[in-house]
Amino acid sequence: MKKKTSKFKISGATSRPRVCVFRSNKEIYAQAISDIDSKTIISSSSKEINEKKSPVEMSFLVGETLAKKLIEAKITEIVYDRNKYRYHGRIKALAEGLRKGGIKF
């Protein structure tokens, strides 16, 4: 129920997309979504990075990678949708990677 109620409150546009996060036990995925067009603009995951690091460090790198892709697409502001996950650990590390990359929430 928690996920349903938060989805209706968070919405993204083409100029300020919603960055949705999904994490599994091994990987973490993030994608920028335009809810108006119902399309994924940019995505990034830990599968793209070929380094052996801890899950928290991998999440940080995914955030930095996504930030680079967003900057190249001339997007500097986002809406962060952490899905149903609490804001700590890997979810927080991904957000910090985005902020370090120059993205504003």
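In the predicted model examined here, the bridge partner of Phe22 in strand S2 is Tyr29, where strands (E, at least two residues) and helices (H or I, at least four residues) are DSSP runs numbered from the N terminus. Residues are numbered from 1 along each chain as its sequence is written, and side-chain values use heavy atoms, with hydrogens and water left out. Because the model is predicted, local features need pLDDT of at least 70 and side-chain atom pairs count only at pLDDT 80 or more, while totals for chains, interfaces and linings use all residues.

Strand S1 (residues 18-23) and strand S2 (residues 28-34) run antiparallel and are joined by 6 bridges, two strands being paired if DSSP finds at least two bridges between them. These strands form a hairpin with 4 residues between them, and Cys20 stands opposite Gln31 in S2. On the other pairing, S2 and S3 are also antiparallel over 6 bridges, with Ala30 opposite Ser44 in S3. The hairpin of S2 and S3 has 4 residues between the strands, and in this hairpin Ser38 takes a positive phi near 55°.

Taken together, 4 strands form an open sheet of mixed pairing in the order S3-S2-S1-S4. Its edge strands, each pairing on one side only, are S3 (39-45) and S4 (79-81). S2 is largely enclosed by the rest of the structure, because 5 of its 7 residues are buried, that is, under 20% relative accessible area with a 1.4 Å probe and protein chains only.

The protein has 3 helices and 4 strands, which follow the pattern α-β-β-β-α-β-α along the sequence. Helix H2 lies across S1, S2 and S3, running at about 140° to S3, where angles run from 0 to 180 degrees between N-to-C directions and axes are lines fitted to C-alpha atoms, for helices over the stretch in contact (heavy atoms within 4.5 Å). Helix H3 (residues 90-100) packs on the sheet and touches S1, S2 and S4, its direction making about 145° with that of S1.

Helix H2 (residues 55-72) contributes the largest share of the lining, 3 residues.

Technical notes:
Buried means under 20% relative accessible area, exposed over 50%, partly exposed in between (1.4 Å probe, protein chains only).
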